[in-house]
Amino acid sequence: MTDRHSYLERLRCPRCRETHDASRPHNLCACGSPLLAEYDLSQLGRALDPRELVSRPYELWRYHELLPVEDAGAEVRLGEPVTPLVPLAVLGADLDLPGLLLKDEGYLPTGTFKARGAAVGVSRVVELGIDRIAMPTNGNAGAAWAAYAARAGLPCLIVMPEDAPDITRRECVVTGADVFLVNGRINDAGQTVAKVVADGAAFDVSTLKEPYRLEGKKTLGLEIFEQLGWRAPDVIVYPAGGGVGLLGIWKAAKELQQLGWLTGSLPRMVAVQATGCAPLVRAFDAGAEVSEPWVGANTIAFGITVPKAIGDRLILEAVRESQGCAVAVDDPAILAAHAQIARREGRFICPEGAATLAAAQVLRASGWLGRTERVLLINTGTGLKYPGTVSADLRTLEPGQAITWPQGRDRA
Ligand SMILES: *Cc1c(COP(=O)(O)O)cnc(C)c1O
Ligand SMILES: [Zn+2]
């Protein structure tokens, strides 16, 4: 039994090592780096046996000791189930990769894994007494934060590119956020938000500019490792935009290893980007510590269209430390993978998730993925949010009009 709801201790800057008081709101460190939450893992390790988790509700909050919300009453909930981790047996056989797995995040509120960051981030905003938030988004993060902000009764400003998926705008509108569109990319939306924040009108909850969205996304890793019996898969393939999910999984792995709950090797982390916007891949290939802003970013995988990630240094470090790699796949390969997983496995996933399958195909073909390895793909959201990814130009019959089915070669 644990006596504290959260074992959060402090915030620390991974760059200059300065510590910060976690009981007050913080954005970036004075040195410009994102801040990371630190927990009292030695106390927690003594107080809690992971087997005790079995009796808890099967939801994100089962890991509350490793989350920053100190009072259970401050948790802002929409119902956050542990998402399915499913074998892809048919595709695994196609790829000669029998250990292929998918973590399907489409089951979360608002249909994407952005709900993890929003659930924990908004809860912490409420707990710290912040009364207005603002953020730029490529769509899904805005939809998730707007929903959780509505649940908490918290005013929320969202700025997104004009060509962000239409449904995400509507999600922000219906939940009552104030929404602005910008004729530009997410970095341009970020500049608009920065001006509002500089005027003191709102607290900045942009990616990694506050430390708790990352803690929410960390639950993706906590779930994976618990679902696999506190063992890591050999490889985790992640569609990286701002890279928060990848950092969250890696942070989970490190904390669980320190707790002694996760034994064996840590996973090799693969960051997947689209060839139309691949700043992390370019930096990885060049052996650089940080990325250069990508000019003319364009891909159907809109959620990973991030020309310059603020956490690029941390992402590249995690990928390298894990012996992982960074891979870019083009839009035709993403679309082919998207169709393939739907037809072969019955799963309608998002284009970003499909990018991980396309990357696994490349890495298997090159031999970087070995036949017997356990490879976990992350599908970050449901395909239902991207109906336009599939064209369905069909002809309409007159009532009573006869058809022949099946046709041609398929006919028995
Ligand atoms: C935001 C998003 C991503 C990328 O997540 P990061 O944490 O920014 O790397 C991937 N897929 C979808 C569907 C997203 O909405
Ligand atoms: Zn610092």
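**Exercise 1. Decide whether C31 is buried, partly exposed or exposed.**

Solution. In this predicted model, the relative accessibility of C31 is 31%. Buried means under 20% relative accessible area, exposed over 50%, and partly exposed in between (1.4 Å probe, protein chains only). C31 therefore counts as partly exposed. C16, at 37%, is partly exposed as well.

Residues are numbered from 1 along each chain as written, chains are lettered from A and ligands numbered from 1 in written order. Local features need pLDDT of at least 70, side-chain atom pairs count only at pLDDT 80 or more, totals for chains, interfaces and linings use all residues, and side-chain values use heavy atoms, without hydrogens and water.

**Exercise 2. Find which residues coordinate the zinc ion (ligand 2), and state the arrangement of the donor atoms.**

Solution. Step 1: donors are N, O and S atoms within 2.8 Å of the metal (3.2 Å for Na, K and Ca); water is not among the atoms, so sites may look incomplete. Step 2: the SG atoms of C13, C16, C29 and C31 coordinate the zinc ion at 2.3 Å. Step 3: their spacing in sequence is C-x2-C-x12-C-x1-C. Step 4: four donors count as tetrahedral if all angles lie between 85 and 135 degrees. The angles here are 99 to 119 degrees, so the arrangement is tetrahedral.

Definitions and conventions. Tetrahedral: all angles 85-135°; square planar, octahedral: opposite > 155°, others 65-115°.
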